[in-house]
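Me: I would like to learn how to read the features of a protein model. May we go through them one at a time?

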Amino acid sequence: MSDFFSSGWSIFIAVATVASLLACLVLLALASKRKPMASDNSTGHVFDEDLVEMNNPLPLWWVWLFVLTVVFAFAYVYAFPGLGAHAGSLGWTSRGELDADQARASQAMAKVYAVYEQQPAEALSRDTNAMAIGQRLFINNCSTCHGSDARGSKGFPNLTDTDWLHGGSPEKIEETITLGRTGVMPSMAAAVGSARDVHDVANYVLSLSGDPHNPISAAAGRKKFVVCAACHGADGKGNQAIGAPNLADRTWLHGWGEDAIVDIVDHGKTNVMPAQRGRLTPAQIHLLASYVWSLSQVRQTASR
Amino acid sequence: MRGTVIPIALESEPPALASLYVSEAKIQPRAVSGWFATWRWLLVWSTQLLFYGLPWLSWNGRQAVLLDIAARRFYIFGMVLHPQDVIYLAGLLILAAFSLFLFTAVAGRLWCGYACPQTVYTEIFLWIEHRFEGDRQARIKLDAAPWSLAKLVRRGGKQVVWAAISLWTGLTFVAYFTPVFSVAAETRLALALGPWETFWILFYGFATYGNAGYMREQVCKYMCPYARFQSAMLDRDTLIISYDAERGEPRGSRRRGVDAASVGKGDCIDCTLCVQVCPTGIDIRKGLQYECIGCAACIDVCNGVMDKMQSPRGLIRYATQNGIARRWSRREMWRRVARPRVLVYSAVLVAIASTFVASLVLRAPFKADVVRDRGALARLVEGGAIENVYRVQLMNATERAQRFHIDVEGLDGAHLASWSDVVLAPTEARWVPLAVQLPPQAARAMGPGAHPMRFLISLGADRPARAGEQSDADVARREKSTFVVPR
């Protein structure tokens with residue numbers, strides 16, 4: 001009972017509760033005294049000129065029912081918490097009930113997931129029930145960042161294309177969901193050189209994917225790209241082992257255009273995918289990974 | 001305190017001492033037959049055939065009426081209702097409420113007297129009691145008699161039948177929520193009941209047994225709120241069960257065929273049969289009382305007595321307070337029935353009932369609801385197009401699979417970026433995430449802000465019906481939403 005700063009409150013509540021319950025019985029007992037009635041079966045009380053209070057005695061079964069509720073109340077506050085700090089003989093807590101409910105739910109869920117646990121992603125992606133569960137898991141756990149349709153938004157990767165930062169195999173996706181990922185682009189301004197050099201590198205990067213760029217600037221930036229190549233590769237196609245993005249495709253996770261590239265070279269970027277281990281069970285993560293994997297497969301095979 | 005009684009009335013006799021709690025006397029109503037009793041039995045039969053019979057019917061290979069709370073689907077013959085259809089339940093309750101208002105305004109507590117489950121089950125239980133223990137006099141005698149084998153057999157037989165009916169009622173009640181009477185004949189009554197089903201069977205069974213066997217009129221007098229507020233809906237032109245005091249008084253016995261007036265008496269021979277048949281144990285000759293449930297048993301029995309006495313029927317009859325006071329004929333009283341409040345109740349009732357039926361008949365075979373995605377307001381995609389994400393909840397309100405085509409309209413240039421055809425399994429409800437794209441030129445022309453647009457969800461059609469165009473199926477819904485172009 002951390003709500004109370006003094007045990008006096010607990011005693012006060014316990015005493016008040018018991019006293020109120022006893023008072024109910026005392027009231028019943030006091031009212032059971034016989035009262036004088038007028039010959040017209042009224043109590044003799046007249047209100048507002050002509051409203052007569054008649055004698056309508058309470059049925060005895062009602063009285064006993066009332067006594068029963070008081071008895072029930074005593075049994076209740078004995079068995080369950082209700083008398084101040086008294087924990088109740090059954091040791092019930094709302095926390096305990098929640099834990100029991102969750103244990104029961106995960107037990108029931110385990111049966112559902114057991115069917116899918118041993119199946120590979122290829123098989124699961126063809127199972128409509130599995131994919132329906134996967135979609136619900138995705139909407140409840142992933143859509144906040146990646147969007148309900150998994151196509152992400154600025155800073156949050158699109159999961160439906162075939163462009164993967166850390167690899168798009170079912171195993172890699174499962175690993176990403178379980179352990180999370182931290183993508184770090186350090187501030188490279190000093191390594192690249194002057195503001196002019198950063199501008200040139202940005203144009204060179206744009207040229208890799210054939211986006212509009214200044215060719216003279218790009219040619220100058222090519223030499224400076226050496227410092228970027230350590231992670232992004234000489235051809236700028238990235239490195240999934242360390243999560244370095246492909247700069248030669250048309251995916252611009254942190255914004256498109258020269259300004260966006262200059263900004264990220266100057267200031268760097270740290271992007272975090274939080275680990276889901278502990279929030280989801282391995283069986284759920286397996287199903288979820290299969291669903292995410294299937295999204296890019298559907299797009300490849302059924303694209304218009 | 002004792003002895004300080006203040007005189008409160010000018011009566012000379014000393015005031016009697018009365019307890020504020022009393023043990024209610026057991027009422028043993030006498031069996032009655034007649035026009036109104038027949039009506040009550042008709043209603044007993046029709047309501048109970050419906051109640052006990054419905055769970056046995058099947059429809060499309062499932063129970064015809066099944067309220068599947070666990071799966072949140074409610075099947076009523078050909079109809080499948082989702083929790084989103086709870087408006088129909090509200091409509092049904094409003095219909096029931098206005099029917100109660102109307103019937104009560106016209107003829108008092110008709111519901112209580114003829115159709116209320118409390119009355120209906122009490123009637124059934126009384127009938128069984130009559131078969132085992134005899135009519136009122138026999139039962140009173142049996143109550144007073146010491147325990148013997150004969151008494152044990154009579155009481156025991158009654159209890160067995162009561163318990164059996166109660167349990168069957170509990171089972172039937174549960175059958176509306178869990179298929180108990182399975183459709184396939186070989187598995188019929190192969191009861192696979194969980195602990196909750198067992199609890200509800202016993203609980204509902206016990207309620208039936210206790211209320212119809214023992215509580216009876218106590219329920220009406222002390223528990224039922226409708227009993228009290230119906231009394232407040234009566235007015236002086238409501239047909240209520242009335243004793244014609246002017247015709248009946250002064251009451252007293254006389255020989256058959258003797259004209260009452262010639263011996264200076266009223267038509268009432270004070271046989272007290274009207275009190276003996278009363279299920280709430282009141283004397284209707286004292287006038288309208290809150291205990292009267294309007295069952296008209298006293299009318300039936302008194303008419304029989306009047307026939308024997310060769311006096312005209314109707315000493316106790318359905319009459320209005322105005323009618324009795326002003327000595328109106330039956331026709332004059334009925335003319336006053338169509339008074340404003342009755343007409344208003346009827347008009348409201350007809351309006352709600354026709355809306356209710358029309359809405360059920362014209363019900364679309366699916367429901368759709370569009371919610372903007374909560375993650376991102378809008379995003380920029382390849383080529384500078386603006387994309388907004390939505391979740392469309394589709395609910396299949398039929399028992400066959402349905403294919404839906406989704407399209408957008410009302411916003412120039414906007415089109416769906418993701419898949420647009422969805423197949424839903426029977427009665428399935430599913431969230432479908434959708435992305436809508438707007439080309440950069442169109443977005444620039446419109447400017448930043450939220451622009452209204454609509455989703456067009458059509459059923460089965462390969463090509464969506466445009467506004468004002470009729471498609472083959474012509475089952476399409478338009479759901480309003482907005483498209484956000486960021487600054």
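This is a predicted model: local features need pLDDT of at least 70, side-chain atom pairs count only at pLDDT 80 or more; totals for chains, interfaces and linings use all residues.

Me: Which residues of α1(B) and α12(B) meet?

Reply: Trp35(B), Phe36(B) and Ala37(B) in α1(B) meet Ala297(B), Ile299(B) and Asp300(B) in α12(B). By class, this contact has five nonpolar residues, no polar ones and one charged residue.

Me: How should I read a nonpolar core, and which residues of the largest one touch the most other members?

Reply: In soluble globular proteins, nonpolar side chains tend to be buried together. Here the largest nonpolar core has 37 residues, and those touching the most other members are Ile241(B), Cys274(B), Ile284(B), Ala297(B), Cys298(B) and Ile316(B). At least two residues each come from α4 (117-133), α7 (195-215), β8 (240-243), α12 (297-308) and β9 (316-319) of chain B. The most, five residues, come from α12(B). A second, separate core of 27 residues includes Val389(B) and Leu394(B).

Me: What does Cys298(B) touch, leaving aside residues up to four places away in sequence?

Reply: Cys298(B) touches Ile241(B), Cys274(B), Val277(B), Cys278(B), Ile284(B) and Ile316(B).

Me: In what order do the strands of the open sheet lie?

Reply: The order of the four strands is β15-β13-β17-β18 (chain B), with antiparallel pairing. The edge strands, β15 (421-424) and β18 (476-485) of chain B, each pair on one side only. From one strand to the next, the twist averages 30°.

Me: How many bridges join β17(B) and β18(B)?

Reply: Strand β17 (residues 449-459) of chain B pairs with β18(B) over 10 bridges, in the antiparallel sense. Gly449(B) stands opposite Val485(B) in β18(B).

Technical notes:
Residues are numbered from 1 along each chain as its sequence is written. Chains are lettered from A and ligands numbered from 1 in the order in which they are written. A nonpolar core is a set of buried Ala, Val, Leu, Ile, Met, Phe, Trp, Tyr and Cys residues joined through C-beta atoms within 7 Å. A residue is buried if 20 or more other C-beta atoms lie within 10 Å of its own, exposed if 12 or fewer, and partly exposed in between; C-beta atoms are placed from the backbone. Two residues are in contact if their C-beta atoms, placed from the backbone, lie within 7 Å. Ala, Val, Leu, Ile, Met, Phe, Trp, Tyr, Cys and Pro count as nonpolar, Asp, Glu, Lys and Arg as charged, and the others, Gly among them, as polar. Two strands pair if DSSP finds at least two bridges between them. Axes are lines fitted to C-alpha atoms, for helices over the stretch in contact, and angles run from 0 to 180 degrees between N-to-C directions.
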